Amino acid sequence: MTNKFEWARMYKAEEYIEREAYSAVETAITDHYNITEVADLTQEQWDDIHEWQEKNVSEYSPMNIGFADVYNVWEMENE
């Protein structure tokens, strides 16, 4: 008899990782630019952030989720 691996609530871990990545990216950005909200960033600042991300963050890094989520928040606030 085989005891097959199951992870019924893996989505909980995924949600936690996504929240942590978002929080880490948001904090790094707001601290660097000395702002209180991501919505206060300019397009030029976002271009700089994205350029840094492409040079320094592996395509497989979970931090890309954080960058994408923070960008989405900024984009929604600046439509």
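**Aromatic pairs and the nonpolar core**

Let me begin with the rings: the structure holds four aromatic pairs, where rings of Phe, Tyr and Trp (its six-membered ring) pair if their centres lie within 6.5 Å, and planes under 30 degrees apart count as stacked, over 60 as edge-to-face and the rest as tilted. One of these is the edge-to-face pair of Trp-46 and Tyr-71, with 5.2 Å from centre to centre and 90 degrees between the planes. This pair links distant parts of the chain, since Trp-46 sits in helix H2 (residues 43-56) and Tyr-71 in helix H3 (residues 63-77), 25 residues apart; helices here are DSSP runs (H or I, at least four residues; strands would be E, at least two), numbered from the N terminus.

Before I go on, please keep in mind that this is a predicted model, in which local features need pLDDT of at least 70 and side-chain atom pairs count only at pLDDT 80 or more, while totals for chains, interfaces and linings use all residues. Residues are numbered from 1 along each chain as its sequence is written, and side-chain values use heavy atoms, with hydrogens and water left out.

Trp-46 and Trp-74 are both buried, and ring pairs link Trp-46, Tyr-71 and Trp-74 into a cluster.

Turning to the core, which residues make up the largest nonpolar core? There are twelve in all, namely Val-25, Ile-29, Tyr-33, Ile-35, Val-38, Leu-41, Trp-46, Ile-49, Val-57, Phe-67, Val-70 and Trp-74, and a nonpolar core is a set of buried Ala, Val, Leu, Ile, Met, Phe, Trp, Tyr and Cys residues joined through side-chain atoms within 4.5 Å. The elements that give two or more residues to this core are H1, H2 and H3.

Leu-41, another core member, lies in the loop between H1 and H2 and is buried, at 4% relative accessibility. Neighbours within four places aside, Leu-41 is in contact with Ile-29, Tyr-33, Ile-35, Trp-46, Ile-49 and Trp-74.

Where is Thr-30 found? Thr-30 belongs to helix H1 and is buried, with a relative accessible area of 10%; not counting residues up to four places away in sequence, Thr-30 touches Ile-35, Thr-36, Glu-37 and Val-38.

Lastly, a word on the outside. Glu-59, in the loop between H2 and H3, is exposed, with a relative accessible area of 64%, and from C-alpha to C-alpha Glu-59 and Ala-8 are 27 Å apart in space and 51 residues apart in sequence. Met-10, in helix H1 (residues 10-33), is partly exposed, with a relative accessible area of 33%.

Conventions: Buried means under 20% relative accessible area, exposed over 50%, partly exposed in between (1.4 Å probe, protein chains only). Contact means heavy atoms within 4.5 Å.
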